[in-house]
Amino acid sequence: MYRFLLTRQWVILTLLVLVLIPTMVELGFWQLHRHQHRVAQNALITKNLEADPVPVTRLTSPGHTVPRSDYWRAVTATGTFDTTHEVVVRRRTSRDESIGVLVLTPLNLKGGGTVLVNRGWIPAAADQMSFPKVPAPPGGETTVTGRLKADETTGASGIKDLEGLPDRQVMLINSSQQSQLLGRPVLGGYLELTGPQPADGSPETIAAPDDSSIGSHMAYAVQWWLFAAGVPVGWIILVRREKHDLEQAAKDAETAEQPEPAAA
């Protein structure tokens, strides 16, 4: 009675089941790995945010690629802001998801060297060709604190680096690009300003990264694995139901073929 499994319909269904099971198992492991990555990243964020600040020159230098282990590391820098070479980074969002620009100001370090400082978000100008009105940074020699970040690239951020932009407008925060524009070495990566806070709240400083949420990846992983376990169970139920229906149809046919009893 299981010969129906060799029919075209059941062969296709069985092959589909055999494909779905490993696919769902793999999707479960993919979500598990995303969960593990998020947990590890949260631990790294917490560790680096809570670490005592160190001079930025201790962690980076011109041409240096900031490793993931140093992302969000608390750093300090002392120097003078170079507003002449200040640029804005287009198409960035504020804490309430408004579209505007980030203010990127070089800080000429005491003792030599330059580091880029992301001072935060401001609204864009009325038209995209104009340079917005940027609040002035502290004048003279100042000490700032911030979170160390790696240079942005199109590959890592997904942001397309457009050409032909208006003067002093960029798409990416990249020390190599700014080094070419400035004509002098710039420390690799950049500093995301945390202090001193602007007196009037502008630019709006970048919020600290979330180190508490782990998302729903583990729940999704368990869900995929439950689906993977449920597929063969469903297949077995369908097979047994088909077998029962065929047996019942055979009995009904046999009953219908039996002659009626002769009348007395």
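Guide: A residue is called buried under 20% relative accessible area, exposed over 50%, and partly exposed in between (1.4 Å probe, protein chains only). This is a predicted model, in which local features need pLDDT of at least 70, side-chain atom pairs count only at pLDDT 80 or more, and totals for chains, interfaces and linings use all residues. Residues are numbered from 1 along each chain as its sequence is written, and side-chain values use heavy atoms, with hydrogens and water left out.

Visitor: Is F29 buried, partly exposed or exposed?

Guide: F29 has a relative accessible area of 36%, so F29 is partly exposed. W225, at 28%, also counts as partly exposed.

Visitor: How many aromatic pairs are there?

Guide: Rings of Phe, Tyr and Trp (its six-membered ring) pair if their centres lie within 6.5 Å; planes under 30 degrees apart count as stacked, over 60 as edge-to-face and the rest as tilted. By this rule there are five aromatic pairs. One of them is edge-to-face because the rings of F29 and W225 have centres 5.2 Å apart and planes at 65 degrees.

Visitor: Which helices hold F29 and W225?

Guide: Helices are DSSP runs (H or I, at least four residues), numbered from the N terminus. F29 lies in helix α1 (residues 8–50) and W225 in helix α4 (residues 217–257), so the pair ties together parts 196 residues apart in sequence.

Visitor: What sits over the ring of F131?

Guide: A charge sits over a ring if NZ of Lys or CZ of Arg is within 6 Å of the ring centre and within 35 degrees of the ring normal. Here the charged end of R168 is 4.1 Å from the centre of the F131 ring.

Note on methods:
Helices (H or I, at least four residues) and strands (E, at least two) are DSSP runs, numbered from the N terminus.
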